[in-house]
Amino acid sequence: MTTREEITEQIVTARLAKGLTWQQLADAIGRPVVWTTSALLGQHPIPAESARTLVDMLGLDESVVPALAAVPMRGGLPTAVPTDPTIYRFYEALQVYGGAIKELIHEEFGDGIMSAINFSVNVEKKPHSSGDRVVVTFDGKFLPYDWTAAD
């Protein structure tokens with residue numbers, strides 16, 4: 001049986017070998033590019049019909065469709081502190097700005113959290129005279145804490 005990690009390796013290898021972009025794969029199934037990329041990397045279940053489209057584009061065996069459609073084990077990194085420089089910079093930014101962001105969310109919205117379930121994320125390239133900028137937008141529903149007693 002092929003593991004989800006092995007399927008992810010097949011996806012990445014096939015995408016590169018075929019010269020496909022993540023955007024082309026997302027366009028083929030009509031989904032946002034960040035969601036599609038995350039799903040193909042194992043973080044979201046891909047509806048079977050969409051999974052078949054992607055498997056065909058990538059030239060993978062149809063037998064991987066059920067694994068792509070299954071609810072995955074989400075999150076988790078290979079190490080407690082990420083070592084990949086790109087991922088580490090997000091970790092670093094949240095270490096520096098996380099407390100401030102939390103305070104500002106509570107000041108503006110009250111006691112609660114930003115949902116990562118009712119959520120979208122977008123990555124954009126913004127030209128700038130000193131070098132292109134990376135713009136990452138997290139857009140999550142505010143979920144207030146409900147401290148009422150259960151019936």
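Of the 151 residues in this protein chain, 22% count as buried. Keep in mind as you explore that this is a predicted model. The chain has a radius of gyration of 19 Å, while a compact globule of 151 residues would come out near 15 Å.

**Overall shape and surface**
- Along its principal axes, the C-alpha trace spans about 55 × 50 × 30 Å.
- The chain exposes about 10,800 Å², and carbon and sulfur atoms supply 58% of that area.
- There are 12 positive and 19 negative charges, and their mean positions lie 6 Å apart.

**Helices, strands and contacts**
- You can find 6 helices and 2 strands in the protein chain.
- Among contacts with a separation of 6 or more, 48% come from residues 24 or more positions apart.

**The annotated domain**
- An unreviewed UniProt entry carries the annotation "domain: Cyanate lyase C-terminal", which covers residues 76–147.
- Over residues 76–147, the chain is 35% helix and 38% strand.

**A residue to look for: Glu-5**
- Glu-5 sits in helix α1, which runs over residues 4–18.
- Is Glu-5 buried or exposed? Glu-5 is exposed, because its relative accessible area is 57% and exposed means over 50%.
- Leu-104 is 99 residues from Glu-5 in sequence, and the two are 38 Å apart in space, C-alpha to C-alpha.

Definitions and conventions:
Residues are numbered from 1 along each chain as its sequence is written. This is a predicted model: local features need pLDDT of at least 70, side-chain atom pairs count only at pLDDT 80 or more; totals for chains, interfaces and linings use all residues. Side-chain values use heavy atoms; hydrogens and water are left out. UniProt positions are given in the numbering used here, feature names are shortened, and annotations may be inferred rather than shown by experiment. Helices (H or I, at least four residues) and strands (E, at least two) are DSSP runs, numbered from the N terminus. Buried means under 20% relative accessible area, exposed over 50%, partly exposed in between (1.4 Å probe, protein chains only). The radius of gyration is taken over C-alpha atoms; the globule rule is 2.2 Å times the number of residues to the power 0.38. Contact means heavy atoms within 4.5 Å. Accessible areas come from the Shrake-Rupley method with a 1.4 Å probe; for residues, only the protein chains shown count as cover. Lys and Arg count as positive and Asp and Glu as negative; His and the chain ends are not counted. The place of a charge is taken as NZ of Lys, CZ of Arg, CG of Asp or CD of Glu.
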